[in-house]
Amino acid sequence: MKDLLYQLVDGIAWVHGSVLTLNDRVETNFSDKTLHFLVIGALGLSIYGATQFVFSRLAKSNVAIISWIYTLTVVVFITFAIEIGQYVTQTGSMEFMDIVRGLEGVVVFGAVYAGGAKLLRWLAPGGKERQGSKMRHRGKIRQGGEAP
């Protein structure tokens, strides 16, 4: 885990050095704060654009996918924070496999939840008929003018 963090820091340092070299080469003489403003602003807008593109397509099919992506993102952040906190406070050992196992837990719990919810809907009175009815009427107007 420590090696992964050092590689991440080395990568960020390389990007930082490249931006400073470009700043010197172009002779813009932007301050450190201005460079942070420009680089992080551009990075954030790029992430937003990519996220908007992907999520707008996912939302057309299933909003639950977006919820799971968000959940996994937050869990990754929390597990990294826990591992870094253990390293800084020396209250445990910082290990990458702890993060992997934690994420596996989220995936397994999520699969059990999704499978259980599907099973309960199927077992509910009229569940089998409702599911078939939903498929037959998808995208069509039912009698009486109601949308499906």
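Biologist: What share of contacts between residues at least 6 apart in sequence joins residues at least 24 apart?
Modeller: In the protein chain, 37% of them do. Contact means heavy atoms within 4.5 Å. This is a predicted model, where local features need pLDDT of at least 70, side-chain atom pairs count only at pLDDT 80 or more, and totals for chains, interfaces and linings use all residues. Residues are numbered from 1 along each chain as its sequence is written, and side-chain values use heavy atoms, leaving out hydrogens and water.

Biologist: Why is helix 1 called roughly perpendicular to helix 3?
Modeller: Helix 1 (residues 2-26) and helix 3 (residues 63-89) pack at about 105°, with axes 12 Å apart. Angles of 65 to 115 degrees count as roughly perpendicular, so helix 1 is roughly perpendicular to helix 3. Axes are lines fitted to C-alpha atoms, for helices over the stretch in contact; angles run from 0 to 180 degrees between N-to-C directions. Helices are DSSP runs (H or I, at least four residues), numbered from the N terminus.

Biologist: Which residues meet there?
Modeller: Lys2, Leu4, Leu5 and Tyr6 in helix 1 meet Phe80, Ile84 and Tyr87 in helix 3.

Biologist: What makes Phe37 count as exposed?
Modeller: Its relative accessibility is 66%. Exposed means over 50% relative accessible area, buried under 20%, partly exposed in between (1.4 Å probe, protein chains only). Therefore Phe37 is exposed. Phe37 lies in helix 2 (residues 32-61).

Biologist: Why does Gln90 count as exposed?
Modeller: Gln90 has 62% relative accessibility, so Gln90 counts as exposed too. Gln90 is in the loop between helix 3 and helix 4 (96-123). Its phi is near 60°, a positive value in a residue other than glycine.

Biologist: How many of the 148 residues are buried, as a percentage?
Modeller: Buried residues make up 9%.

Note on methods
Helices (H or I, at least four residues) and strands (E, at least two) are DSSP runs, numbered from the N terminus. Angles under 35 degrees count as roughly parallel, over 145 as roughly antiparallel, 65 to 115 as roughly perpendicular and the rest as oblique.
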